[in-house]
Amino acid sequence: MLFRSLAAAAALLAVAAPAAAQDVDLRAQVAAFVQPSNEARTQVVVDQLRAAGFEPMVETFVGGNRQTGEMEGRNVVVTIGDGPREILLTAHYDAVKLRDGTMSQGVVDNAASVVGVIEAAKILKAKDLNHRVRIILFDQEELGLIGARKWIEAHGLANVAAVVNSDVAGYGDTMMYGLNNGAQSAGVTRAVREVCAERAMNCVGFPVYPPSDDRAFSGTGLAEAGQAGSIDRVPTVSVGFQDHVGAHQMWLAFNGGETNGLAEGFVPQVFQLIHSAEDTMERIDPATVKLAGETYAALVERLDAGLSH
Ligand SMILES: [Zn+2]
């Protein structure tokens with residue numbers, strides 16, 4: 001019996017296709033972000049952008065929050081093409097510090113998004129676009145969207161036509177997108193839905209979606225943080241990936257109200273992972289990173305064609 005099982009297992013192994021070379025690379029790229037500090041992660045972003053043929057700019061800023069005190073941060077930026085108006089494709093690369101003082105490995109949240117965005121940048125570089133596309137990998141998102149806010153302070157939003165932000169895209173084939181970035185974002189939402197239909201993808205729109213750097217651009221959800229006022233409101237969408245069941249569980253947790261049907265005390269898997277010691281490479285599926293890159297590129301291309309420039 002044992003022998004038969006082993007033989008069967010061996011036969012299975014023999015027919016299993018070897019991982020595609022690109023998958024191995026994407027996996028290694030995400031793994032490179034497992035570092036002891038966010039400073040070390042900055043260098044990984046710069047190195048990977050250079051390896052992809054870009055000349056990244058590192059924009060430093062004085063950031064930090066009440067807990068950390070003043071703390072230098074670094075956004076890493078690349079521009080593609082030219083044009084008076086621009087589309088931003090963004091993701092934060094910083095990882096959160098855990099309660100015991102060590103760094104989260106921060107791969108689901110959010111190295112996988114960063115690598116996906118770099119993949120999208122490689123695709124977009126070969127396109128003839130009407131807009132300038134600015135790829136921004138933000139620092140200090142985990143401290144309160146500081147990198148995004150500092151970028152806005154430094155550059156303004158007058159020329160920004162739209163923002164696509166990716167947060168949490170490490171596994172699964174289902175793209176999640178937030179619907180809570182204000183009325184000005186309806187056109188971007190429509191573009192997301194068109195891309196989902198065209199690519200026959202599973203996509204789930206969230207009326208309530210957790211905040212990321214998107215909120216700094218859309219001006220929503222900042223009133224509570226005392227950041228409201230005369231902020232510009234840019235058409236913005238925040239996207240991410242998860243497995244199909246997990247995406248729906250998360251939808252119910254955030255949008256289902258008291259009768260969401262989830263067991264009492266249920267916490268969607270992704271929220272058990274992120275900001276914990278469980279956010280590790282075992283969770284990462286390079287196929288998702290590839291899918292995210294292709295999807296984000298398709299979305300930016302669609303926005304580029306549809307928005308006035
Ligand atoms: Zn995040």
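Modeller: Strands here are DSSP E runs of at least two residues and helices are H or I runs of at least four, numbered from the N terminus. Keep in mind that this is a predicted model, where local features need pLDDT of at least 70, side-chain atom pairs count only at pLDDT 80 or more, and totals for chains, interfaces and linings use all residues. Residues are numbered from 1 along each chain as its sequence is written, and side-chain values use heavy atoms, with hydrogens and water left out.

Colleague: Is S166 buried or exposed?

Modeller: Buried means under 20% relative accessible area, exposed means over 50%, and partly exposed is in between, using a 1.4 Å probe and protein chains only. S166 has 0% relative accessibility, so it counts as buried.

Colleague: Which side chains does the side chain of S166 make a polar contact with?

Modeller: A polar contact is a pair of N or O atoms within 3.5 Å; within protein, one must be able to donate a hydrogen and the other to accept it, and residues adjacent in sequence count only if both atoms are side-chain atoms. The S166 side chain makes one with the side chain of S113 (2.7 Å) and one with that of Y296 (2.7 Å). For plain contact, meaning heavy atoms within 4.5 Å, and leaving aside neighbours within four places in sequence, the partners of S166 include T90, H92, N110 and V239.

Colleague: What order do the strands of the sheet come in?

Modeller: Two strands pair if DSSP finds at least two bridges between them. Eight strands make an open sheet, ordered β1-β2-β4-β3-β5-β8-β6-β7, with mixed pairing. β1 (57-63) and β7 (202-206) are the edge strands, each pairing on one side only. Strand β6 (residues 174-178) pairs with β7 in the parallel sense over five bridges, and G178 has F206 as its bridge partner in β7.

Colleague: How do helices α2 and α10 cross?

Modeller: Axes are lines fitted to C-alpha atoms, for helices over the stretch in contact, and angles run from 0 to 180 degrees between N-to-C directions. The axes of α2 (residues 21-31) and α10 (residues 286-306) come within 8 Å and cross at roughly 90°. Angles under 35 degrees count as roughly parallel, over 145 as roughly antiparallel, 65 to 115 as roughly perpendicular and the rest as oblique, so α2 and α10 are roughly perpendicular to each other. Q22, D23, L26, R27 and V30 of α2 make the contact with P286, V289 and K290 of α10.
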